[in-house]
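The structure comes before the text.

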Amino acid sequence: MSKVITSRAEDYSKWYNDIVKRANMADHSAVRGCMVIKPYGFAIWENMRDQLDAMFKETGHVNASFPLFIPKSFLSKEAKHVDGFAKECAVVTHHRLMNNPDGEGIVVDPDAKLEEELIVRPTSETIIWNTYRDWIQSYRDLPLLINQWANVVRWEMKTRLFLRTAEFHWQEGHTAHATSQEAVDETVQMLNVYATFAEEYMAMPVIKGVKTANERFAGAEDTYTIEALMQDAKALQAGTSHFLGQNFAKAFDVKFANENNKEEYVWATSWGVSTRLIGGLIMTHSDDEGLVLPPKLAPTQVMIIPVPKPDETINAAVDKVMAALKAKGIRVKYDDDPKKRPGFKFAEHEMHGIPVRIAIGKRDLEKNVVEVARRDTKEKTSVPMDGIDDYIEQLLVTIQQNLFDTAAKYRDEHITKVENMEEFKSVLDGKGGFISAHWDGTSETELKIKEMTKATIRCIPLDNPKEDGQCVLTGNPSTQRVLFAKAY
RNA sequence: CGGGAUGUAGCGCAGUCCGGUAGCGCACACGCCUGGGGGGCGUGGGGUCGCAGGUUCAAAUCCUGUCUUCCCGACCA
């Protein structure tokens with residue numbers, strides 16, 4: 001049992017915070033609701049970002065950068081969009097400071113008021129579509145497939161490290177298409193990219209689905225989502241991909257001439273994932289000993305520890321092992337700090353979620369073996385030095401798969417079919433997780449259930465089988481089940 | 001924005017009721033011992049006690065004001 005991390009059973013929220021802090025991922029900053037992402041946390045984000053970026057490029061997208069600020073008037077051009085974001089915007093009103101004429105410090109210079117206030121972007125649809133107007137004239141300019149890596153600000157009332165912060169890092173893809181179908185295809189394609197990334201790299205199983213009108217992105221025709229389940233049986237919206245229809249094209253007057261020289265409004269998508277994924281990564285795999293990272297995203301995959309401390313014989317053996325592992329492209333480090341004891345290092349690297357530990361001591365060397373420990377299962381095995389590179393290479397694959405399988409099993413065990421509100425409430429208050437239930441398709445019912453239980457419809461799964469039934473709340477006819485859950 | 005807490009060393013806390021010039025654990029620095037799961041002993045450095053006023057010979061402690069952060073609500077792709 002860890003000496004510095006609160007157990008999940010004792011206090012799940014505290015456990016989460018302890019992991020973030022003890023694993024050196026992030027800290028609260030001096031700015032309300034904003035976090036400092038520390039080098040280790042950022043290294044994980046860089047690995048996620050690099051992989052996603054490669055996947056975006058494989059699907060034909062390119063990166064660009066748009067302004068941090070958005071003129072206030074832009075935001076209000078799409079009515080639903082402004083409704084969705086108005087309450088959480090940071091606003092720049094002045095451009096100059098001056099010495100306080102009445103005393104200490106500096107004050108805002110009242111003469112430096114901006115003609116038009118600037119909004120710190122909560123998302124970039126408006127500034128981007130205002131720009132696309134100038135870029136798109138003909139169907140030959142389409143599709144336009146652009147992504148940007150950026151930070152955005154949403155003035156949330158209640159924040160949590162990585163899961164919901166006032167400022168966060170993300171990517172936002174913004175694409176323009178000649179036809180509705182092409183835009184819908186793009187929306188689904190990017191949802192699939194996200195799902196592949198979540199499952200194959202984060203080892204986090206997700207359910208792909210569509211949001212209900214209530215949960216839809218402000219300004220979208222349809223919002224597709226990937227939903228994951230955390231270890232406390234609450235759902236996490238891990239990524240969204242929006243079919244925006246012609247809403248933004250109409251708001252910003254973006255038209256193109258089609259093959260018949262007829263003017264049409266452009267069809268749009270936008271899609272994003274954020275540093276929130278790191279929160280999902282933590283809550284999917286980690287345990288009471290600390291962070292657990294999937295090998296594909298771990299900044300360091302293998303840590304070698306000399307026992308009890310480095311010396312010439314051990315160092316020589318380590319050099320050989322490291323060279324062999326590096327030749328396989330494995331990210332390996334040697335903790336040769338002579339001042340720290342092995343037990344301390346074991347605990348420390350477990351806290352940081354490093355997937356594999358290799359301990360090398362004199363006893364091992366006499367037998368020409370090393371001790372290999374897995375972070376996911378805590379299993380320790382004595383492994384011959386010869387062929388250690390192949391062994392570790394395979395082990396990393398095994399760990400990656402095991403993390404996914406374990407999470408998928410937990411998730412599958414936490415999808416429960418219910419037929420009425422009694423069952424609904426008892427499952428929700430008991431084991432939690434996703435509740436698969438019939439719903440009559442109305443916003444009123446959805447909101448009523450939210451009010452009664454705090455559970456929302458996370459999504460209507462894409463591969464949902466049609467099934468006649470009766471709404472859990474109203475008894476009205478329904479054609480399919482939807483997934484409810486309490487969510488982050 | 002309502003209700004409740006909180007603020008003392010980098011972190012976690014005691015001291016406040018009953019005023020007398022600040023302490024413990026961890027961390028940090030140095031030394032010695034130790035060494036296959038978070039070592040031991042010793043020495044040492046580090047604090048305008050959230051901020052601003054006030055009472056007093058004397059304020060972390062009492063009084064007034066103010067701010068911060070956290071929790072519960074409200075709010076929230």
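## Cysteines

C89 counts as buried, with a relative accessibility of 18%; buried means under 20% relative accessible area, exposed over 50% and partly exposed in between, with a 1.4 Å probe and protein chains only. This is a predicted model, in which local features need pLDDT of at least 70 and side-chain atom pairs count only at pLDDT 80 or more, while totals for chains, interfaces and linings use all residues. Residues are numbered from 1 along each chain as its sequence is written, chains are lettered from A and ligands numbered from 1 in the order in which they are written, and side-chain values use heavy atoms, with hydrogens and water left out.

C34 is also buried, at 14% relative accessibility. Zero disulfides are found in a search of the whole structure, a disulfide being a pair of cysteine sulfur atoms within 2.5 Å. C34 takes part in none, and the nearest cysteine sulfur to it, in C89, is 14 Å away.

## Nonpolar cores

Nonpolar side chains tend to be buried together in soluble globular proteins. A nonpolar core here is a set of buried Ala, Val, Leu, Ile, Met, Phe, Trp, Tyr and Cys residues joined through side-chain atoms within 4.5 Å. The largest one has 55 residues, and M25 and F162 touch the most other members. Helix α6 (residues 180-201) gives the largest share of this core, eight residues. Helices (H or I, at least four residues) and strands (E, at least two) are DSSP runs, numbered from the N terminus. Another core, of 29 residues, lies apart from it and includes F85, Y132, I146 and F256.

Beyond its neighbours within four places in sequence, F162 is in contact (heavy atoms within 4.5 Å) with residues including Y16, V20, M25, M35, I37 and I282.

## Two loop residues

T165 sits in the loop between β9 (144-153) and β10 (167-177). T165 is buried, at 3% relative accessibility. Leaving out residues up to four places away in sequence, T165 touches G33, M35, R154, E156, T159 and R160.

E379 lies in the loop between β20 (369-374) and β21 (380-384). E379 is partly exposed, its relative accessible area being 43%.

## Surface beside RNA strand B

A residue is near the strand if one of its heavy atoms lies within 4 Å of it. There are 34 residues around RNA strand B, and R154, K309, R357, R363 and D364 come nearest. By class, 12 are nonpolar, four polar and 18 charged; Ala, Val, Leu, Ile, Met, Phe, Trp, Tyr, Cys and Pro count as nonpolar, Asp, Glu, Lys and Arg as charged, and the others, Gly among them, as polar. The largest share of this surface, seven residues, comes from α10.

| Protein side | RNA strand B side | Distance |
|---|---|---|
| R164, side-chain N or O atom | base oxygen | 3.5 Å |
| G343, polar backbone atom | sugar or linking oxygen | 3.5 Å |
| K362, polar backbone atom | base oxygen | 3.2 Å |

Notes:
Polar contact = N/O pair within 3.5 Å; in protein donor to acceptor, adjacent residues only side chain to side chain.
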